Each structure stands twice: as structure tokens, then as C-alpha cells.
Amino acid sequence: MTRLILASQSPARTKLLQNAGIAHEVLVSDVDEDAVQARYGVTDPHDTALLLARAKAEAVASLPEADGAIVIGCDSVFEFDGEAHGKPYTADVARERMLRMSGGMGVLHTGHWLVDCRDTDTDTEDGDGGARGTGATLGSVSSAEVHFMEMSTEEIETYIATGEPLQCAGSFTIDGYGGAFIRKVDGDPHTVVGLSISTLRALLGQANVGITELWTGGAVDPADVRAE
């Protein structure tokens with residue numbers, strides 16, 4: 001079976017893959033995001049998301065643990081009023097951003113980068129008994145518009161006190177407390193979580209891997225999520 005490695009420590013991305021029944025391992029990259037951006041001078045939010053996703057994927061792909069696997073790296077950048085917003089880290093930054101975002105709209109860009117680390121030298125199989133590798137290294141960005149409800153100062157302060165927005169691109173989530181403040185999403189909602197399953201499927205396809213090959217049978221039971 002093809003091994004998929006997620007080059008991210010994001011619990012939301014791991015949970016998303018688990019809920020979709022996609023077998024994967026987690027191997028966290030040690031990438032200095034600020035240093036990467038400074039080196040390449042990229043400021044466009046769309047390009048920044050792809051650049052950082054590539055840096056993470058390639059860092060993990062260089063590790064011996066990635067031999068024989070396919071590595072997927074992801075990074076999200078929120079674009080608001082033409083500015084790129086990563087993680088706020090502090091309450092003051094999150095507060096300033098959310099006051100501006102209240103009642104407005106921004107675009108969440110999630111970069112995806114795939115590196116095929118499977119053996120390409122053999123005729124039929126790699127060293128782990130899997131399919132022959134393609135040597136692919138390719139990426140794609142999935143973007144979605146996020147429209148926010150009007151938020152009161154009290155709501156913003158209470159949300160910040162949970163600590164949730166401090167480690168999230170754009171200072172919000174859709175799959176946690178922050179979902180209460182999102183009016184609608186135009187685009188793939190998985191993009192806002194941080195990993196587009198449909199984009200992953202397309203990238204895997206270019207590496208000659210069908211996403212169904214990674215299904216474990218452990219996806220969320222429809223009986224647990226359907227409306228009663």
C-alpha cells in the first residue's frame with residue numbers, strides 16, 4: 001500500500017484526513033517560515049502559501065523516514081484587504097485583525113505540495129513493495145472566500161480568550177469556536193480547514209496514485225453525521 005506522509009503538525013489537517021478515511025503518517029518539518037519568505041522575497045498571499053507548503057514537503061521528503069512514501073505539505077495564508085495574514089500568535093494582533101474582519105470578507109489560500117519519494121529505478125516496485133515512483137514534485141493552491149458575520153467586541157474578546165485563534169491563519173477556524181462567526185464560504189470548505197481533499201486527489205493522480213488506494217474503511221460513519 002502506498003504510504004502518505006503529512007508534513008504538518010496541524011491537528012485539524014490530521015483529523016480531516018482521518019474523517020475522510022485516508023491512511024497517513026505525520027512527520028513534522030522543521031521549517032523557519034519567516035526565513036523562507038525572507039529568502040525568496042515572496043509577499044503575494046497565494047504564492048506564499050505555495051512556497052511554504054513546498055518548503056515543508058521538501059524538508060520532510062529529505063528525511064530517511066520518507067523513503068518509499070509520498071509526502072504532502074500544506075500551508076494556509078489568509079488574504080484580507082490585500083494583506084497576507086498568517087498566525088497572529090498574540091491577543092493584540094488577533095484582536096486588531098478580527099475587528100477589521102467583522103462583517104467583511106477575505107480569501108483563505110491553502111498551498112499543497114506533493115513529493116513522490118518512491119523508488120523510480122526499478123521496473124515494477126519500489127523497495128518497500130509498493131508501486132514504482134514517478135519522481136513527481138508538484139503543487140497547487142486552493143482558495144476560498146470567507147464571509148464573516150458582524151462580531152461584537154465582547155464576542156471577539158471571549159473568542160481570543162479561548163486561545164483558538166492565536167495559532168490559526170487569519171485568526172479564525174471554521175471547525176471550532178470560530179465557525180459561529182462565518183456567514184458563508186465560497187469555495188471548498190476543506191480549504192479553510194487547511195487541506196483540500198479534492199486538491200490532494202488531483203495531485204495524487206498526477207503521481208499515478210488513486211486516492212481510493214489510501215482509503216482505510218475508517219471514514220466517519222454517515223450514521224454519526226446525518227441529520228436526524
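Is arginine 95 buried, partly exposed or exposed? Arginine 95 is partly exposed, with a relative accessible area of 24%. That value, like every other here, comes from a predicted model.

Start with the partner of this residue. The side chain of arginine 95 meets that of aspartate 92 in a salt bridge, at 2.9 Å from N to O. Both residues belong to helix 4, which covers residues 91-101. They sit 3 residues apart, about one turn of the helix. Aspartate 92 has a relative accessible area of 56%. It is exposed, because the cut-off for that class is over 50%.

Charged pairs like this one follow a simple idea. Side chains of opposite charge can pair when their charged atoms come close. Across the whole structure, a search finds 11 salt bridges.

Another of them joins arginine 3 and glutamate 25. Their side chains meet at 2.8 Å, again taken from N to O. This pair links distant parts of the chain. Arginine 3 is in strand 1, residues 3-6, while glutamate 25 is in strand 2, residues 25-26. The two are 22 residues apart. Arginine 3 is partly exposed at 22% relative accessible area. Glutamate 25 is partly exposed too, at 33%.

A further salt bridge connects aspartate 186 with lysine 184. Here the closest N and O atoms are 3.9 Å apart. The pair counts because the limit is 4 Å. Aspartate 186 is partly exposed, with a relative accessible area of 36%. Lysine 184 is partly exposed as well, at 37%. Elsewhere, salt bridges with shared partners join Asp81, Glu83, Glu96 and Arg100 into one network.

Now turn to the aromatic rings. A pair of rings is described by the distance of the centres and the angle of the planes. The structure has 5 aromatic pairs. One of them brings together phenylalanine 78 and phenylalanine 80. Their ring centres are 6.2 Å apart and their planes stand at 15 degrees, so the pair is stacked. Phenylalanine 78 is buried, at 0% relative accessibility. Phenylalanine 80 is also buried, at 4%.

A second pair has another geometry. The rings of tyrosine 159 and phenylalanine 181 have centres 5.5 Å apart, and their planes meet at 65 degrees, so this pair is edge-to-face. Tyrosine 159 lies in helix 5, residues 153-161. Phenylalanine 181 lies in the loop between helix 5 and strand 7, the strand of residues 182-186. The pair therefore ties together parts that are 22 residues apart in sequence. Tyrosine 159 is buried, with a relative accessible area of 3%. Phenylalanine 181 is buried at 13%.

Ring pairs also build a cluster. It links Phe78, Phe80, Phe148 and Phe172. The stacked pair of phenylalanine 78 and phenylalanine 80 has both its members in this cluster.

The last stop is glutamate 164. This residue lies in the loop between helix 5 and strand 7. Which class does its relative accessible area of 19% give? Glutamate 164 is buried, because the cut-off is under 20%. Histidine 24 stands 140 residues from glutamate 164 along the chain. The C-alpha atoms of these two residues are separated by 25 Å.

Definitions and conventions: Residues numbered from 1 in each chain as written. Predicted model: local features only at pLDDT ≥ 70, side-chain atom pairs only at ≥ 80, totals over all residues. Heavy atoms only, no water. Helix = DSSP H or I, 4+ residues; strand = E, 2+ residues; numbered from the N terminus. Buried < 20%, exposed > 50% of the residue type's maximum accessible area, 1.4 Å probe, protein only. Phe/Tyr/Trp six-rings, centres within 6.5 Å; stacked < 30°, edge-to-face > 60°.
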